[in-house]
Amino acid sequence: MQKFLFVGNHPCLDFINTQMIVKEEPADLLGGFEDLISWLLQARVLAKTQADVVRAELSHDQMSSLLEQAKSFRATLRGLAERLVASKPVPDSTIITINRFLSQRSGYPQLVRRKGGFEQRFHSAATPAQSVLAPLAEATSDLLCRANVALIKKCGNPSCILYFYDTTKNHTRNWCSMQLCGNRLKVAAYYRRSRGKASL
Ligand SMILES: [Zn+2]
């Protein structure tokens, strides 16, 4: 199973982060349709029952088309994140794209029992193909409506393309993760400093 990074603190940003730099080369973790389904499951954007229906009912062509739509939506979301980080306005075309996916979100909420209480779950009345990307559009809409967009940040490593929502108390998070970028840059800075001293 494809391994994904969940460092974004938000499904919209984690979805953008399915494109990353590995060994200085751009890598796309959504290699095939099954990777997309696997990501949606791991991100808890899609329920397992829905995933089973999608796998069983979609034709090969529908799967390829959905993967293309997902990648195109991801490109829109990456553009959105870039603009938000640069304090630029959100273009109308982005809102139109999000609304197009949201309009496929037909269904209704249902109350279900869970251990120790209740939970409200969305019962989708959309076709399997429609139900796949709409929740991601809803997450994006939620991010724009409710989140503090000033806390959407790009990793401080200039050669890293990952985004995250900074939920640290003092909003001081700089890195996608310490293992991936934080430590590496700290070590590089340390060597730069110690080399500087040695040459004095
Ligand atoms: Zn990074």
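Helix α2 (residues 33-42) is largely enclosed by the rest of the structure, because 7 of its 10 residues are buried (under 20% relative accessible area with a 1.4 Å probe, protein chains only; exposed is over 50%, partly exposed in between). Helices here are DSSP runs of H or I with at least four residues, strands are E runs of at least two, and both are numbered from the N terminus. This is a predicted model, where local features need pLDDT of at least 70, side-chain atom pairs count only at pLDDT 80 or more, and totals for chains, interfaces and linings use all residues. Residues are numbered from 1 along each chain as its sequence is written, and side-chain values use heavy atoms, with hydrogens and water left out.

Which residues of α2 are buried? They are Phe33, Asp35, Leu36, Ile37, Ser38, Trp39 and Leu40. Their cover includes α1 (11-16), α3 (48-57), α4 (60-85) and α6 (128-146). After α2 comes Arg44, with a positive phi near 60 degrees.

Now for the zinc ion. Its protein donors (N, O and S atoms within 2.8 Å of the metal, or 3.2 Å for Na, K and Ca; water is not among the atoms, so sites may look incomplete) are the SG atoms of Cys155, Cys160, Cys176 and Cys181, at 2.3 to 2.4 Å. The sequence spacing reads C-x4-C-x15-C-x4-C. Cys155 sits in the loop between β5 (152-154) and β6, and Cys176 in the loop between β6 and α7, so this pair ties together parts 21 residues apart in sequence. Both Cys155 and Cys176 are buried.

Ser177 belongs to the loop between β6 (163-165) and α7 (178-198). Ser177 counts as buried because its relative accessibility is 13%.

Notes
Contact means heavy atoms within 4.5 Å.
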